[in-house]
Amino acid sequence: MEIIMSVAIGFLFMAAVYLMLSKSLIRIIIGTGLLSHGAHLLLLTMGGLGGNSPPVVADGVSISDYADPLPQALILTAIVISFAVTSFFLVLAYRSYQELGTDNMDLLRGTEDHE
Amino acid sequence: MSNLLLFPIIIPLFFAVILMIFPKRLKLQRILAAIGAGVTLISAIVLLAKVDADGVQAVTLGSWPAPFGISMVSDPLSALLVVTSSIITLFVVFYSFPTIGVKREQSYYYPAVLFLMVGVNGAFTTGDIFNLFVFVEVLLMASYTLIVHGGEKPQLRESIKYLLVNIISSALFVAAVAFLYSVTGTLNMADLAVKIPQIEETGILTVIAVMFLVVFGFKAAIFPLYFWLPGSYYSPPIPILALFGALLTKVGVYAIMRTYTLFFTMNVGFTHELLGIIAILTILAGCVGALAYFDVKKIIIYNIIIAVGVILFGIAQLNQPGVDGSIFYLLHDMLIKAALFFLVGIVAVLFGTTDLRKMGGLIKTYPVLGWTYLVAAFGLAGIPPLSGFPGKLLIVQGGFEGPQFWGSIVILATSLIVLLSAVRIFIYAFWGEPVETVPLKGSVFNQMFIPTVILVAITVVFGVGAELFMPFISGAGEVLLNPSIYIDAVLKE
């Protein structure tokens, strides 16, 4: 199972890198979304996929049956952080499209008095 | 009081939250921001005295036993860094009053500065690798708002790149933490330091060590990963630039120092030699940039990159003079970079431009400013009585004692380039034919100049009185070189 997950995460990273190397800003933001999905799934996979019960204390479940609760807490933290950063990035993209009139990264180069 | 080490994190957090309630009350914003930064500084100094008297302070939140809860650890190095970053934030707040502009001040500028302080102090104090990630995100989020604050066109353009680079490095940080967790099964730094030497397959750990170098290298702007820094740091106004230049890259440097002395010591022959080579390349790349530009901000920005290389070279030696020198140089560099950005900020305001070729003759009208700048420039280059000297001396000594003696030669040679780049600003802006300056009210000038002079004076005291500070610094170096002190303090129960 971990092998399949690793391959899937690899695909997510590959797609993310491909999108982030493109010219359009919105494709770059979609790339960052895929990158954080990949990172979160990696965290889940690397914690081990054993354990059949959700980490909630219940009757009749032995300790070895619980899934590892720590990676889930880490992912939850990482998800809200990347959610906040992504929303900031989207608003920034919107504002810069309004102000600068382009979403092409090639046209967003240099400084005003470029030497 | 065992919770003392949390005060430098909680106090600015409290003040930042209070300040968000009334963004338009200008006077109250200023006063409360200054009080918040000042109280934080006082608590940081008390913390440093406590750490110096009683040894490493550690508290695990929620009274859980150590590897299970989140540990906060204050050893001499982190206490020194917290004090230095609090000093700088306080001066940045004072310097912001005349320079940042009322419109920015009324749109949550001071809360953002204080949140940045929360993130920086937290990142220096934490003893948990995932908590470090969270504090780094806190300071990055505050830095995103500050870098785009005001919404001018260059700021918008450059902050897109800054955001993108940091999102990528944060995702890599999560991935690196995931790998480290799967290998060791713990996230507490002290527990990691215990578990890592027990693992026999060092190959995977070396890979993770290099991955962490990439992650923190993005933040610290080391050689192949520094490309985002010159453009991004060029766009925001001077007080924000001083805050970033003094604090943000240093968090990455601190994280490399911590991870490469505490737990990635299993394959020193590879990882630390790599770090040493990258440090030297970073210095050379920074030197090229520092000489290439006729722009006061660009010159100082490239000097940040040079200093990062010098500090990391000292750490890579992993011997006592190298590590002590790195710590001294790190503290010196945070102070002197803030002072230099303040000074070039005043110069840029006076001429209305940052282009050196349009400046000249300022020494006749502003002699005190000129001599203060010269002192700061000499301090940056490491002229003996000033603060850059003892750190660089120890780093060079560490290099000669360690395996990479050629690196010390490069550092000595590049010191001349640093001196040249800093003195070039002096020659262009202060000598030569006077150029017409923008008229500036004396009170505004004083408001900008007084914090700057005090900061330069602090760096002079730091250099001349190096003997006074050496006990703290060698104490910090001792903890870095003997991780058992750190481990025992955290896992004592």
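# Briefing: chains A and B and their contact

Between chain A and chain B, the number of salt bridges is zero. The elements of chain A that contribute two or more residues to the side touching chain B are helix H2 (25-46) and helix H3 (69-100). The structure is a predicted model. The points below treat the contact, then each chain, and finally the salt bridges.

**The contact between the chains**

- Chain A supplies 33 residues to the contact, and chain B supplies 33 residues.
- The size of an interface is often expressed as the accessible area that is lost when the parts come together.
- Here, chain A and chain B bury about 3200 Å² between them, and 80% of this area lies on carbon and sulfur atoms.
- Two residue pairs are in polar contact between chain A and chain B, both at pLDDT 80 or more.
- Helix H3 of chain A gives the most to the side of chain A that touches chain B, namely 15 residues.
- Sorted by class, that side of chain A holds 21 nonpolar residues, six polar residues and six charged residues.

**Chain A: fold and overall form**

- Chain A contains three helices and zero strands, and its pattern along the sequence is α-α-α.
- The globule rule gives 13 Å for 115 residues, whereas the radius of gyration of chain A is 20 Å, well over that value; chain A is therefore more spread out than a compact globule.
- Taken along the principal axes, the box filled by the C-alpha atoms of chain A is roughly 70 × 25 × 20 Å.

**Chain A: annotated regions**

- An unreviewed UniProt entry lists residues 6-21, 28-50 and 70-94 of chain A under "transmembrane region".
- In the model, residues 28-50 of chain A are 83% helix and 0% strand, with the end C-alpha atoms 35 Å apart.
- Residues 70-94 of chain A are 100% helix and 0% strand, and the end C-alpha atoms of this span lie 36 Å apart.

**Chain B: fold and overall form**

- Chain B contains 21 helices and two strands.
- A compact globule of 493 residues would have a radius of gyration near 23 Å; chain B has 21 Å, which agrees with this expectation.
- The C-alpha atoms of chain B fill a box of roughly 70 × 55 × 45 Å, again taken along the principal axes.

**Salt bridges**

- Over all chains, a search of the whole structure finds 11 salt bridges, while the count between chain A and chain B is zero.
- Within chain A, Arg95(A) and Glu99(A) form a salt bridge, in which the closest N and O atoms are 3.6 Å apart.
- Arg95(A) and Glu99(A) are four residues apart in helix H3 of chain A, so about one helical turn separates them.

Note on methods: Residues numbered from 1 in each chain as written. Chains lettered and ligands numbered in written order. Predicted model: local features only at pLDDT ≥ 70, side-chain atom pairs only at ≥ 80, totals over all residues. Heavy atoms only, no water. UniProt positions renumbered as here; feature names shortened; annotations may be inferred. Contact = heavy atoms within 4.5 Å. Buried area = accessible area lost by both parts, 1.4 Å probe. Salt bridge = Lys/Arg side-chain N within 4 Å of Asp/Glu carboxyl O. Polar contact = N/O pair within 3.5 Å; in protein donor to acceptor, adjacent residues only side chain to side chain. Nonpolar A, V, L, I, M, F, W, Y, C, P; charged D, E, K, R; others polar. Rg over C-alpha atoms; globule rule 2.2 N^0.38 Å.
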